[in-house]
Amino acid sequence: MSNAAQSEGQVAPRRGSSIGIAAALILALPFIVSLLQLWPSQRAAAMMPLAFGAGIVICGIMALVQERGAVMTAGGRQLVLLAAVALCGASIWMRVPYGITIAFLIGCCFLVIGKRSWPMMIGVVAVSELLAYGVFKWLLGIPIH
Amino acid sequence: MDFLHGDAFSLQNLLSLAVGSLCGIVGGAMPGLSTAGTLAILLPFTLNMAPLPAIALLVAAYTGAQYGGSITATLFNTPGAPESAVMTIDGFALSSAGLARKGLLGALWSGLIGGLIGVAFLVFLAPWLAHEALSFGPPEFAMLAVLGLTVMASLGRGTATKGFLAGFFGMFIAMIGLDPVSGSPRMTLGLGDMIGGVPLIPALIGLFAISEALRLLLDEAHKGAVSLTEQQRVGFSLSDFFATARYIIVGSLVGVFIGIKPGGGATIASWLAYSAARGVAPASERAKFGSGSLAGLLAPEAADKATVGAALIPLLSLGIPASASGAVLLGAFELHDLIPGPLLFTNQPDLIRDLFLALVIANVFVFVWGRGVIEALIRVRSFDTGILGIGILVMATLGAYAFGGSPWDVLIACALGVIGYFFQAAGIPLAPVVLGMVIGPLFEINFRRSLLLSGDSLLIFFNRPVACGLLILSVVLFVLPSLLRWWRGRSSGGMERIARGQG
């Protein structure tokens, strides 16, 4: 099956397959708790999101039951790259300069794909910095810090 | 309407169409980059453009990506997009027999005709549908949203439970921020940035572009390059065209009628077109299906391209995307302060006319580019997927930043990229997340307005004929697939019992 096929919704390999469902449930929980706190004072505002949150919980539990034989682990490479992407987003949000963050992310990507060609890595970092500060910031006027 | 003096023929628009269709073909042919992913990557580049060239660029990319996906299916047995999967059957068989050029050129012609038939239906059906939709009030729009929700399960090939999980997730995160009726903040977790909610465009970039980049980087099965053997230089002749014309027409009509239904999509259309073409073929041609039939390649290709125009019918007239790519286009409209729906036809008739023309020109551009760059595109498959993944990751983070110039948008894109990767690993389709993000707020605001109008009585949805009709249709569409599955299971069980009895 192609990657694209999966991206449009086809069934993916079962490795780590329950993690996605568990992630949806875990992510929804703090928001559901905040809605329950809102419920006494703002019933109308909390009603619809609570209904959708309940939908996540019900469908999530049903999907977990259907997938009870599935693997619940993620590989080391997966964890490194996913953590790097999450860290990249958080760093940019916390105003760490984009250039430094993206260079770190590109380094992690090269580490994960197992290529240690320094000229290629430096080239990709240089092109990305040129795009960010040359094209997007200087030419298009986007305030990239 | 004065068709030849609109902005559709302006230099900027023609340039957008040319660039968009070329980017679409290349994006569609890229291993692992879906049509929606291609559109999500191009979206930020339209930020500083005028609305028409921006939408034209994306529509042209949509058209181009549909053809690009067929190239890898035909040449390497690897569909560039799910809708091209059916083309691997006869396309790759043709390619293995040294007839790749004939197949690809035939697919170009077939796609052109299919695309133009799709546009013709769009031109005639969309204004009518939009006119009818003008009489809609909050109850009708609420029930229209319910109708959209029923297609969640069909927007992917995972289980219905996972489709609904994805849809509820999309609707849930779309509720973050200010309540649209009272204006009070909800689900902000005390973060100031959360008051603005989860913006759609960075969410799209994260879900489609970043998660695809992660998969390209982590998926061992797609690493490395694929070499290509020299294909014979056999072209697509006029006699081939006449011999396959009826399959192209059948495929186009199937594409239009399936593509118009939200959730129908190009994937279902292309498989049904393959089946329909096989059904109308004479016994001699039918025997070739599966082992290198030109008709088996061209009918799904025509259906695939016809769905582009067809998918724009509900998008433009009702504001409901029929597919993940349609959802990205909806985001593009909103990015340029255009709200698809009946009022778009009333307030922006020139834009609609120019958009129709742009679609026709886009089909022509795809045809011209396709003819010219088939040789070059054959080599696209030899790109290293790891480097491609890094490139997509860089462009996606930049695109999210460019959307509003806010680091918060990059965080949203990265977070949803990681979630999207996990979702795909779990077989949870991503398209319902986007559908949920679009339809959730539409449903909430219209449902609550309806209750305010009726004094909290749900009877308002049953007293109004259109709203009631839409509700009944939603229930039928929701229940029908399960009923059909039950009926098929019962029939096949009965046949087995008869066979056992005879044995």
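Visitor: Is the crossing of H6(B) and H18(B) left-handed or right-handed?

Guide: A crossing is left-handed if the near helix is turned anticlockwise from the far one by less than a right angle, and right-handed if clockwise. Here, H6(B) and H18(B) cross in the left-handed sense. Helices are DSSP runs (H or I, at least four residues), numbered from the N terminus. Bear in mind that this is a predicted model, where local features need pLDDT of at least 70 and side-chain atom pairs count only at pLDDT 80 or more, while totals for chains, interfaces and linings use all residues. Residues are numbered from 1 along each chain as its sequence is written, and chains are lettered from A in the order in which they are written.

Visitor: At what angle do H6 and H18 of chain B pack?

Guide: Axes are lines fitted to C-alpha atoms, for helices over the stretch in contact, and angles run from 0 to 180 degrees between N-to-C directions. For H6 (residues 138–150) and H18 (residues 431–454) of chain B, the angle is about 145 degrees, with the axes 8 Å apart.

Visitor: Which residues have the most contacts inside the largest nonpolar core?

Guide: Such a core is a set of buried Ala, Val, Leu, Ile, Met, Phe, Trp, Tyr and Cys residues joined through C-beta atoms within 7 Å. Buried means 20 or more other C-beta atoms within 10 Å of a residue's own, with C-beta atoms placed from the backbone. The largest core has 216 residues, and Cys109(A) and Leu165(B) are among those with the most contacts inside it. Helix H12 of chain B gives the most, with 16 residues.

Visitor: How many helices and strands does chain A have?

Guide: Chain A comes to 6 helices and 0 strands (a strand is an E run of at least two residues). Buried residues make up 40% of its 145 residues.

Definitions and conventions: A residue is buried if 20 or more other C-beta atoms lie within 10 Å of its own, exposed if 12 or fewer, and partly exposed in between; C-beta atoms are placed from the backbone.
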